[in-house]
Amino acid sequence: MPAGVFKETYLADMAHLRYPIHWAALVAGLALLLVLPVMLGSYGAGLAVMLMVFFVGTVGLNITTGLAGQISLAQAALMGVGAYTAAYLANAGVSILLAIPAAALAATIAGVVLGLPSFKLKGYYLAMASIAAQAVLEYVFQTIVDPYQGIEINPEAKTLAGIYLGDGAPLYYTVLAITILAVIAAANIGRSSLGRAMKAVRDNDISAEIIGIDVTRTKALAFAIGSFYAGLAGALYALASPSVGWDSFTMETSIDYLAMVLVGGPGRIIWGSLLGALTIRTGWSLLASVFAASAAVKYLVLGGVIAFFVVKEPDGLIGVLRRIKEYLRLWPFSY
């Protein structure tokens, strides 16, 4: 905090936007987001939509893993639950705008069930249990839900007042509005009493229980909220895609999600998730173009990046940027 800036009330101390530069950045950022489809064209806007979809899913995993310390490698499967729920409801005649919250709730229920092992397991054992959950859901997708690989979504369900929401600028602004609402909610969760309880459970669950925190309830809520965001991301994916296939919700996608959290910054729900999603999605596309003939090389590079951040930069890119910010704030002095 700059010297001489003091907060005299609790609301001022807890505000998201504390300084004039924060408000200026907010206005500039919103203006940029509103004109982005015009600047990037339809192809660039489509990439921005997919980035927002994975950003929402990463926010959910960052709440479960980064904030509450519950390792999950089933985020892609939960995203699939949301996507398939939205697709089935849309094909049954339900408007996609009503199917989106229903899909998020369906993923929440699935996530709470899959999170039951967290009441007894933690650390690497919990990670192994989540891998099993991912495998089970993949099996259900392939054999029961979508045996023919690909469910087309009724385009009429994506039409509202004569406007087709599944493509172009209407799709971009619809996903943008839902993403902004989801981000605001996540930011407040991180700063609430529940968010502080999750941090306490993450740091030491025994100590958290001693000071009166209901550890079981906190873990269940962490999985429920993280799954809600995964289901929301899956529903947005269904909105943006003409069809849904299980090959989009595999273990590889779950590993990508975990990489987004670790690279961006575990526990840094908003900016860490955004940096992680942007870095991994962009880097993944570059690697796919450079090493198109060898998928193994891509996974070796991704594994190396994850190992580097776990060992050398546990705070992720957000920690690196924070050190740069402090250096520039104090320059030319060292402290």
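Predicted model: local features only at pLDDT ≥ 70, side-chain atom pairs only at ≥ 80, totals over all residues.
Residues are numbered from 1 along each chain as its sequence is written, and side-chain values use heavy atoms, without hydrogens or water. Local features need pLDDT of at least 70 and side-chain atom pairs pLDDT 80 or more, while totals for chains, interfaces and linings use all residues.

User: Is Leu78 buried or exposed?
Analyst: Leu78 sits in helix 3 (residues 75-91); helices (H or I, at least four residues) and strands (E, at least two) are DSSP runs numbered from the N terminus. Buried means under 20% relative accessible area, exposed over 50%, and partly exposed in between, with a 1.4 Å probe and protein chains only. Leu78 has a relative accessible area of 4%, so Leu78 is buried.

User: Leaving aside neighbours within four places in sequence, which residues is Leu78 in contact with?
Analyst: Contact means heavy atoms within 4.5 Å. With neighbours within four places in sequence left aside, the residues in contact with Leu78 are Ala107, Ala110, Gly111, Leu114, Leu137, Ser227, Ala230 and Gly231.

User: At what angle do the axes of helix 4 and helix 9 cross?
Analyst: Axes are lines fitted to C-alpha atoms, for helices over the stretch in contact, with angles from 0 to 180 degrees between N-to-C directions. The axes of helix 4 (residues 96-114) and helix 9 (residues 215-240) come within 7 Å, and their crossing angle is roughly 145°.

User: How many nonpolar residues has the contact of helix 4 with helix 9?
Analyst: Residues meeting there include Ile100, Ala104 and Gly111 of helix 4 and Phe223, Ser227 and Leu236 of helix 9. Ala, Val, Leu, Ile, Met, Phe, Trp, Tyr, Cys and Pro count as nonpolar, Asp, Glu, Lys and Arg as charged, and the others, Gly among them, as polar. By these classes, the contact of helix 4 with helix 9 has no charged residues, four polar and, as nonpolar, 15.

User: How is helix 2 oriented to helix 10?
Analyst: The axes of helix 2 (residues 20-67) and helix 10 (residues 251-264) come within 9 Å and cross at roughly 70°. Angles under 35 degrees count as roughly parallel, over 145 as roughly antiparallel, 65 to 115 as roughly perpendicular and the rest as oblique. Helix 2 is therefore, relative to helix 10, roughly perpendicular.

User: What kind of aromatic pair do Tyr237 and Phe249 form?
Analyst: Rings of Phe, Tyr and Trp (its six-membered ring) pair if their centres lie within 6.5 Å; planes under 30 degrees apart count as stacked, over 60 as edge-to-face and the rest as tilted. The ring centres of Tyr237 and Phe249 are 5.7 Å apart and their planes are at 75°, so the pair is edge-to-face.

User: Is Phe308 buried or partly exposed?
Analyst: The ring centres of Phe308 and Phe309 are 5.5 Å apart with planes at 90°, so this pair is edge-to-face. Phe309, at 10% relative accessibility, counts as buried. Phe308 has a relative accessible area of 44%, so Phe308 is partly exposed.

User: How far apart are the C-alpha atoms of Phe333 and Glu156?
Analyst: Phe333 lies in the segment after helix 13 (316-330) and is exposed, with a relative accessible area of 61%. Phe333 and Glu156 are 177 residues apart along the chain, and their C-alpha atoms are separated by 62 Å.
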